[in-house]
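Hi everyone, thanks for coming. Let me put the structure up on the screen before I start talking.

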Amino acid sequence: MMKGYAGRTLEVDMAARTFVFKPLDEDQARLYIGGKGYGTRLLYDRTEAGIDPLGPDNPLIFATGPLNGSVAPQSNRFAVVCKSPLTGGIGNAACGGSFAYGMKRAGIDVLVLLNRSNTPVRLEIDGDAGNVRFIDAADLWGKGTYETQEILGKKKYHAVIGPAGENLVLYAGIVSNERIAGRTGVGAVMGSKKLKAITVSGSRKLEMDDPDAFKEYTKWVRGMFKEHPVLGESLKRFGTAGIVGTTQARNIIPTKNFQRGNFDQAMQVSGEYMEDHELVGVKSSCIHCPVTCGRDVEVEGVGRVKGPEYETVALMGPNLEIGDLKKVSKWNYLADDFGMDTISLGAVLSFAMELHERGDLDAGIRFGDPSGISDLIGDIAHRRGLGDDLAEGVMRMSRKYGGHDFAMHVKGLELSAYDPRGSYAQGVEYATTNRGGCHVQGASMYLESVGPLTINPQNLKLKADIPVVQQNLACAINSMVLCIFTTYGMIPKFVHEMNPDSFAHKALSFALENSGSLFMKSQQLKGKPMLWWEKWLTYITGEPLSGGHLQEIGGRVFNLERMYNLREGVGADTDTLPPRMLNEPTFKGMTSGHPLGQLLPRYYKNRGWSPEGIPTAKTLEKLQVHV
Amino acid sequence: MKITVELTYAMGKALGANRFEVENATTVADVIEKTKARFGDKAAEFEKLTKIATVAVNGVLMSYRKGKKTKLTDGDVISFVKAAAGG
């Protein structure tokens with residue numbers, strides 16, 4: 001077995017209450033690394049088409065990769081993979097916290113949960129003893145994620161759900177410490193198995209091919225991160241909400257259910273405002289991560305808890321026309337404690353507000369008015385009254401109440417907080433990402449509209465190319481499993497320090513924007529490991545992997561996800577954006593919305609897909625995607 | 001003619017105002033000059049802070065239009081932008 005892997009998977013039958021350890025498939029690990037990639041392969045191979053996502057046939061897969069369990073910065077994350085109850089297609093989410101570290105200490109690369117229990121249960125997995133205990137969890141059922149973890153013991157490694165998962169809220173997540181595998185409803189799948197919590201323990205140490213080289217290089221990376229303007233400065237000081245001022249200035253912060261991209265009170269929910277007025281510390285970070293992007297704030301009546309990050313402040317702030325960070329912090333806490341995704345939640349709330357404003361639904365909540373929202377979040381988590389409808393997500397709500405044109409989702413997954421009308425590549429990424437409208441499956445906006453080396457985000461140049469490269473990279477990153485924020489370090493310090501109006505900066509941006517097909521070709525070159533994740537993989541596994549290799553692996557994962565979606569009926573007709581994004585301009589002089597129709601054909605071509613958006617046999621063969 | 005000016009948080013903190021209006025400015029250059037004048041003895045500080053920021057006109061960077069010569073119309077929003085990373 002390659003180094004870096006524990007070499008075994010654990011399969012648990014929740015109905016029979018049995019378990020078995022199996023060897024990790026080394027061939028698949030070479031093809032898919034681990035994490036999301038390995039998990040997707042398992043899901044594809046182990047399930048029939050058309051299964052009920054909340055039925056016993058949907059396996060819930062927790063998967064780590066070879067970097068997990070090491071002290072590499074941003075490396076202790078796990079991926080969760082299953083069929084999504086929200087989209088009906090591929091479901092996956094990644095999470096920090098400490099559970100990935102615990103899994104590797106227990107000597108488990110992948111945990112597969114099959115079937116379902118009839119009564120609430122929790123698992124205690126002792127990796128050293130090779131034992132799994134099934135423990136009645138009736139006493140924990142109904143409790144929030146904070147209290148549940150408190151009862152289970154703060155010094156252990158847990159993955160838990162809250163009431164939202166128990167009640168099958170379609171965007172419920174799985175929580176480790178104060179981090180959440182939030183997207184696509186993985187928490188509802190855990191709830192459908194009546195599984196409240198998983199605790200892992202063990203004392204296995206990670207074996208590496210070249211531990212000395214890893215140690216020395218990691219020391220250098222930590223130093224580089226410390227000096228980096230994003231990883232060592234802005235994320236550390238302001239958290240992810242430090243980007244509010246930028247998206248506001250670029251007219252892409254979702255405002256009033258994406259009716260606008262600019263909100264006059266936006267700076268009152270910014271990371272800088274948080275630092276000045278709300279921050280009480282930065283304790284809530286993932287294990288071994290020096291970036292510490294998590295914020296701690298004080299919530300009245302609760303105490304010190306994790307503060308909101310960018311997606312939450314944008315979607316529950318400007319998107320609801322609320323400029324009150326204390327309120328947003330409270331709603332963030334409620335969502336975390338109930339165990340649900342704040343992106344989907346914010347979108348559901350704004351959709352309900354717009355329906356209310358148009359007289360299509362008596363939602364009892366209004367734009368610009370915080371009253372009633374806390375109670376409604378509780379109603380959603382417990383599926384009480386109108387909350388039962390909101391627990392279904394925006395796509396299903398629009399089928400019941402209308403409002404298709406302003407239902408902000410792609411493939412059923414609610415949109416993240418970067419308006420694609422001012423970020424065309426991000427729009428292509430939203431439309432084509434297999435799990436739906438999400439920003440961290442590529443983060444194209446960083447290269448076009450918010451980062452230090454941006455190109456014109458509103459022309460067609462490179463907008464069908466960037467998403468391919470970025471999606472492939474994100475697939476590889478989520479298979480290692482690393483934090484996507486590690487990619488922010490790719491743009492070096494000196495670029496951040498350049499005057500954006502200087503000739504040199506403009507020349508760099510011009511060169512990037514006009515690099516055409518060279519951009520994609522250059523990413524596919526297979527050479528020596530250069531970037532930190534490439535070197536870490538090499539030092540740990542002993543298998544040299546360059547950026548080109550990772551583009552290939554990422555492309556493999558992406559295409560397998562695509563084939564899974566096609567198998568489940570989530571076809572190319574869903575490669576689109578909400579009608580509001582396509583038809584309603586938000587920029588002065590713009591006559592329409594995002595030009596997706598002009599970009600999709602090139603995107604499909606870049607992917608090696610047919611004009612109808614189907615991966616060709618040649619592409620699948622080249623990438624060794626066996627379906 | 002009224003133009004709304006939005007400063008970055010750091011600028012607003014240093015200069016004591018985040019969002020305000022300027023009148024009778026027809027180009028981006030006019031807005032910058034009027035903003036500088038508005039801050040009087042803090043003008044040098046404002047100038048220093050603008051070196052790491054650029055300007056967007058209604059969300060579009062001025063470099064994609066006509067730079068500081070970009071013509072403005074009533075109701076335009078001029079924002080100072082700094083690169084950032086979120087999640």
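I'll go through the chain contact, then the cores, then one group of strands.

A quick word on the source: this is a predicted model, where local features need pLDDT of at least 70, side-chain atom pairs count only at pLDDT 80 or more, and totals for chains, interfaces and linings use all residues. Residues are numbered from 1 along each chain as its sequence is written, with chains lettered from A and ligands numbered from 1 in the order in which they are written.

Now the inside. The largest nonpolar core has 192 residues, and A:Ile61 and A:Val80 have the most contacts inside it. A core here is a set of buried Ala, Val, Leu, Ile, Met, Phe, Trp, Tyr and Cys residues joined through C-beta atoms within 7 Å, buried being 20 or more other C-beta atoms within 10 Å of a residue's own. Another core, of 22 residues, lies apart from it and includes B:Val22 and B:Leu61.

Finally, look at β7 (residues 121-126) of chain A. Parallel to β7(A) runs β12(A), joined by 6 bridges, with A:Glu124 partnering A:Thr199. β8(A) is antiparallel to β7(A), also with 6 bridges, and A:Arg122 sits opposite A:Ile135. Strands pair if DSSP finds at least two bridges between them.

Terms used: Buried ≥ 20, exposed ≤ 12 C-beta atoms within 10 Å, placed from the backbone. Helix = DSSP H or I, 4+ residues; strand = E, 2+ residues; numbered from the N terminus.
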